[in-house]
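Trainee: Could you take me through the aromatic contacts in this model?

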Amino acid sequence: MPHVARTHAVVIGAGMAGLTAAQALSKHFGKVTVLERDLLPAEPAPRSGTPQARHAHMLLAGGLKALQTLFPGFERDLAEAGAVKIRTGKDLRMERPGFDPFPIRDLGFDIFCMSRPMLEAVTRRRVQQTPNIDVSVRSRVTKLIASRDKTRVEAVLYDSEDGPAVTLEADLVVEASGRCGLTLQLLDELSLQKPEETEIGIDQAYATTIVERPLDRGDDWLGNIVLPAAPASSRGGFLFPIEKQRWLLSIGGNHGDAPPGDRTGFMDFVKSLRTPTIYDAIKDARPLTDIARYQLPCSTRRHFERLESFPAGLLAIGDALCRFNPVFGQGMSVAAQEAVLLDRLLAEDIPIERLAPDFFAGIQSTIETPWGVAVTDFVYPATRGIRPPDLAQRLQYGMALTKLAAQDPEVHLLTAEVSQLLKPQAALREPMLAARVVPLM
């Protein structure tokens, strides 16, 4: 069967998933158009299309590596924009029950801390420098248009700011809008099966503020994470250094334990965290923003890989496929890794008809590790969803592994590489390691 010409690809959404997908596609299509309903700020600033952008975001080492693959020199761009370089294991103090703090060790690799709007601005600038990518703002896609025989997507319909609705033809359409609404709507219209969804109901609520980071601190850490004493309490906090000598503080809880939006209530919540470290660090710091609040009812995984038929010329990516509990900071990194896989598949020159099934199957190993972490939310009795039958054993194994990592620097490095999405979760179950973990359970 002759290949369909790779002339034009359309990406819906200019968040991190859309930007990285566009960059991956630009090497394999004559032209890539990104359609974004928001007006995109010239400088780093939150926007309505990413309501979670004001809160703490982590770019994990696996995500940084993926961005470096898509945009060579990306680390340099981040550093020049003012992102704070962090040595893993050393600069972010980790406080977890039984380990306050967890042993401080230089694990040999760096990540960067910055605000989500800054990361998006740096990525957007790189995308806009790619000659065959066109980013069109205030362009809201309303419909995916299927071919006459209903086997493929051949165009999108979108409302532009000032004129009538526009039909834009495409050889491939990637939905990176987060909601997946257009893809699900199309499957309905074509009477095709929709993907099964797995949900983990957490009712996560968090609140965030930015404060001045004092220059003359005596402490040897740049940021601090306080993990909750689960299952008794779900209260935790993230204090990250970001650009312009500031700290970004996000605090949260789940199942109704929501941090207040007023300064006094917010500070009381910080004071109630399991350790006083964050409160002591920021109690006299000058606030620079109001308190922003956000809620996420559940982690959701859509099983596109199980579908028997799916229209050719269409893909979903990022949150449209899998939305994780933001506390674990995995979403942006997973989206970037998915874009790298998309690039690799297109480089293998597989026909567009096979792209979706191969892509959906291929990303499962990428999603498996962060989703395995999301499952630990079942430690709270109020969490909704289907509990894995081996949950108690999984949680015990995790606790024993943490104990071993505290004692053994090599195990500590391995657990960091897995949580930073550099290695798969299966690495934590290797027989030689498991033989050392099981006795500690």
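This is a predicted model: local features need pLDDT of at least 70, side-chain atom pairs count only at pLDDT 80 or more; totals for chains, interfaces and linings use all residues.

Trainee: How many aromatic pairs does the count come to?
Mentor: The count comes to 10 aromatic pairs, where rings of Phe, Tyr and Trp (its six-membered ring) pair if their centres lie within 6.5 Å, and planes under 30 degrees apart count as stacked, over 60 as edge-to-face and the rest as tilted.

Trainee: Why is the pair of F71 and F74 tilted?
Mentor: The ring centres of F71 and F74 are 5.7 Å apart and their planes stand at 35°, so the pair is tilted. Both F71 and F74 are buried, meaning under 20% relative accessible area, with exposed over 50% and partly exposed in between (1.4 Å probe, protein chains only).

Trainee: And what about F310 and F360?
Mentor: F310 and F360 form an edge-to-face pair, at 5.2 Å centre to centre with 85° between the planes. Both F310 and F360 are buried, and F304, F310, F359 and F360 form one aromatic cluster.

Trainee: Switching topic, which residue lies over the face of W221?
Mentor: R217 does, at 4.4 Å from the ring centre, the rule being that NZ of Lys or CZ of Arg is within 6 Å of the ring centre and within 35 degrees of the ring normal. R429 lies over the face of Y397, at 3.9 Å from the ring centre.

How values were computed
Residues are numbered from 1 along each chain as its sequence is written. Side-chain values use heavy atoms; hydrogens and water are left out.
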